[in-house]
Amino acid sequence: MRSYLEFERPIAELENKILELRQLDGDGDGQVDIEEEVQRLQSKAHQLLNETYGELSPWQKTQVARHPHRPHFTDYVEALIEAFTPLAGDRAFADDKAMIGGIGRLKGRSVMILGQEKGADTEGRVKHNFGMARPEGYRKAIRLIRLADRFGLPVVTLVDTPGAYPGVSAEERGQAEAIARSTEACLDVGVPIISCIVGEGGSGGAVALASGNKVLMLEHAIYSVIMPEGCASILWRSAEKAQEAADALKLTAGHLLELKVIDAIVPEPVGGAHRDRDRAISAVGAAIDAAIDDFAGQTADEIRRHRRDKFLEIGRVGLA
Amino acid sequence: MNWLTNFVRPKIRALVRRKEVPDKLWIKCSDCGQMLHHKAVAEANFVCPECDHHMRLGARDRFKGLFDDGVFAELAVPAVPADPLKFRDSKRYVDRLKDTRAKTGQDDAVVVGRGRMGGHAAVVACQTFEFLGGSMGMAAGEAVIAAARAAIEDDAALIVVTAAGGARMQEGILSLMQMPRTTIAVQMAREAGLPYIVVLTDPTTGGVTASYAMLGDITIAEPGALIGFAGPRVIESTIREQLPDGFQRAEYLLEHGMIDMVVHRHELRETLVRIVGLLRNRDTRMSEVPDIEAADPEPVLPEPEIVEDDAVAVEAIPVESDVEAPDPEDDTVVEVTATDEGEAVDPPEAEPDDIEVPVAVEPVSGDETEVEVEPEAVVDEETPPVDPELEIPEPVAEDGAPKRPDA
Ligand SMILES: [Zn+2]
């Protein structure tokens with residue numbers, strides 16, 4: 001069983017036709033003309049997938065970025081990190097399951113890895129609060145980033161959140177302050193911080209983890225000051241104008257690379273990361289590993305200055 | 001004709017408007033509903049004489065009440081690319097900007113003033129809510145960075161007075177990038193050993209709160225100010241219940257340990273002068289005049305910025321809401337499976353537009369109509385067309401005694 005997005009309907013129809021034929025064939029005696037037909041349909045489906053994903057609109061990318069089968073934080077850690085040792089809690093209030101982090105080895109090298117986890121099914125989504133962290137989540141992040149700094153471990157952040165959680169208790173405990181301090185911690189430390197936007201990069205809740213030396217982004221991920229629906233509700237006064245808002249916000253990896261907000265795009269398998277999770281995950285792992293290599297031999301001051309200069313330059317160069 | 005309509009007429013209109021400003025203006029207090037003389041309200045630093053409500057005010061009015069003798073120099077802020085995303089909703093962003101500049105007489109939401117407070121060198125970056133909801137875009141971020149640099153140059157206290165709905169959506173990701181960028185500004189001031197003091201005013205929400213507004217060495221809020229990350233309506237629609245009384249108000253934050261103090265606007269200058277004195281002039285036993293000692297008696301004040309706005313008119317736009325909460329069951333995905341009979345099941349209708357987005361969409365605050373009279377008229381009376389020559393302040397060293405703004 002495969003999940004299809006609305007715009008993938010023609011692909012879904014072709015692929016179901018293939019399934020149908022296969023089933024017919026299984027029941028019958030292996031007629032040659034069915035095999036030919038299957039191959040013809042398969043190449044047609046593949047071509048269609050290629051075409052569709054070659055020119056996804058910003059709104060379609062938004063849907064791909066939110067695809068429930070897209071690899072999430074836990075999937076990346078399982079596949080990429082050896083000896084992963086999760087570390088819990090903010091030492092003040094709670095352990096936020098929307099924000100996961102810990103130490104482990106990426107290709108033999110000790111790293112601190114942290115990020116939002118959205119959850120894989122309904123139960124998981126509730127447990128992880130859909131990847132919307134509360135103040136204790138950001139305070140846990142701060143704690144882990146500073147811990148990594150003390151031991152000279154590179155920090156890897158995987159960003160995937162619709163935004164920080166908007167709720168009474170979150171406000172009460174200082175959501176804004178927690179986010180501000182998390183951004184500050186990213187900008188403070190003398191170890192390289194490599195961030196990758198793997199799904200949704202939702203506003204302040206994302207930038208709190210993504211103020212890194214290198215910011216990578218999966219090809220169909222999105223990163224925005226506000227999610228298209230929210231923007232449409234405010235500026236167009238209708239959430240139904242989300243497509244227009246998605247276009248206007250320039251939230252795709254291509255646009256953000258042009259604006260020099262991100263440093264590199266990690267290509268996704270044809271049909272999106274959810275079609276070939278292993279390949280997507282290993283591409284992210286390789287890109288992060290290479291990015292860490294770039295800082296080999298640099299002093300803490302150099303690393304700090306690199307990050308600061310990079311952010312100060314954003315918007316000053318390359319814009320008409 | 002087109003050229004005349006588009007470029008000349010707005011200017012003419014602006015001039016005419018200025019001339020038409022009547023002598024007596026009335027302001028209706030959004031809290032108690034009293035009609036008040038504009039002059040009396042301005043003299044009271046835009047605090048309602050009837051009910052003590054702290055009204056919103058523009059950067060230049062704010063500076064008059066903060067700097068010694070109301071004297072300050074406006075800092076030139078490096079230019080930023082205008083409308084980097086070529087953003088257009090119901091209106092083109094460039095047009096919104098133009099109108100807002102015309103209405104407020106400001107280049108953007110943050111204006112930076114440089115001068116002295118109680119004799120101490122001070123750089124104040126002040127956000128004007130009237131300018132597109134005070135929103136933080138590239139220009140505002142650049143202004144905060146410039147303020148930090150100026151503070152370092154002057155060895156001055158850095159003070160930021162916030163008022164914003166959040167980031168400026170029309171600059172997309174580049175406005176979000178002002179969160180780390182302004183954080184760097186705060187770090188630079190901190191590394192230089194300068195006090196960084198934040199004054200939170202009504203309203204301060206979104207990306208502004210979640211960056212420089214919450215990084216102060218000392219954090220002050222004005223009474224009744226709405227301060228938070230998510231706007232109250234966003235939260236209300238997320239949790240689907242009534243919010244507690246006084247939620248996200250200055251006093252609520254004080255009670256929850258999020259800020260140092262709530263200070264009446266009439267006490268604000270005195271409080272800031274005292275704090276800066278305590279932090280910077282650490283031992284008064286050594287000096288005759290306590291709080292001036294640390295200050296350079298002859299500060300080099302910058303060339304004032306030339307405000308070249310032909311511009312003139314303000315339209316408050318709604319403020320961004322930051323976050324959406326997805327429905328657990330709603331993946332906007334259709335599942336397609338082949339049945340045993342080999343029949344394809346049509347994907348059910350699931351329009352992506354059907355996603356339930358419980359996001360509040362309204363402006364952050366309830367008192368959108370603070371000023372019932374023509375707002376531009378109010379601005380005009382208080383802020384005459386800026387003549388840069390008039391803004392060059394004479395640096396004055398005071399006797400160090402805290403001075404009330406209305407004194
Ligand atoms: Zn009143």
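Reply: Two strands pair if DSSP finds at least two bridges between them. Helices (H or I, at least four residues) and strands (E, at least two) are DSSP runs, numbered from the N terminus. The model is predicted: local features need pLDDT of at least 70, side-chain atom pairs count only at pLDDT 80 or more, and totals for chains, interfaces and linings use all residues. Residues are numbered from 1 along each chain as its sequence is written, while chains are lettered from A and ligands numbered from 1 in the order in which they are written.

Me: What makes β5(B) and strand β6 (residues 157-164) of chain B a pair, and in which sense do they run?

Reply: Five bridges join β5(B) to β6(B). The pair needs at least two. The two strands run parallel. One of the positions is Cys126(B), whose bridge partner in β6(B) is Val161(B).

Me: What joins β5(B) to strand β4 (residues 110-117) of chain B?

Reply: Eight bridges, in the antiparallel sense. Val112(B) has Ala125(B) of β5(B) as its bridge partner. The two strands form a hairpin with two residues between them, where Gly118(B) takes a positive phi near 60 degrees.

Me: Why is strand β5 (residues 120-127) of chain B called mostly covered?

Reply: Eight of its eight residues are buried. A residue is buried if 20 or more other C-beta atoms lie within 10 Å of its own, exposed if 12 or fewer, and partly exposed in between, with C-beta atoms placed from the backbone.

Me: Why is Arg101(B) called buried?

Reply: Arg101(B) has 22 C-beta neighbours inside 10 Å, so it counts as buried. This residue lies in helix α4 (residues 93-104) of chain B. Its C-alpha atom is 9.5 Å from that of Leu132(B), 31 residues apart along the chain. Over chain B, 52% of the 407 residues count as buried.

Me: Why is Gly102(A) called partly exposed?

Reply: Gly102(A) has 17 other C-beta atoms within 10 Å, so it is partly exposed. Its place is in strand β3 (residues 99-106) of chain A. Two residues are in contact if their C-beta atoms, placed from the backbone, lie within 7 Å. Leaving aside neighbours within four places in sequence, Gly102(A) is in contact with Phe84(A), Thr85(A), Pro86(A), Leu87(A) and Ile113(A).

Me: Why is helix α4 (residues 73-80) of chain A described by its angle to helix α13 (residues 277-293) of chain A as it is?

Reply: Their axes come within 10 Å and cross at roughly 75 degrees. That makes α4(A) roughly perpendicular to α13(A). Angles under 35 degrees count as roughly parallel, over 145 as roughly antiparallel, 65 to 115 as roughly perpendicular and the rest as oblique. The residues of this contact divide into five nonpolar, one polar and three charged. Ala, Val, Leu, Ile, Met, Phe, Trp, Tyr, Cys and Pro count as nonpolar, Asp, Glu, Lys and Arg as charged, and the others, Gly among them, as polar.

Me: How do helix α10 (residues 228-236) and helix α11 (residues 242-249) of chain A cross, and what is that called?

Reply: Their axes come within 8 Å and cross at roughly 100 degrees. α10(A) and α11(A) are therefore roughly perpendicular to each other. By class, their contact has nine nonpolar, no polar and two charged residues.

Methods:
Axes are lines fitted to C-alpha atoms, for helices over the stretch in contact, and angles run from 0 to 180 degrees between N-to-C directions.
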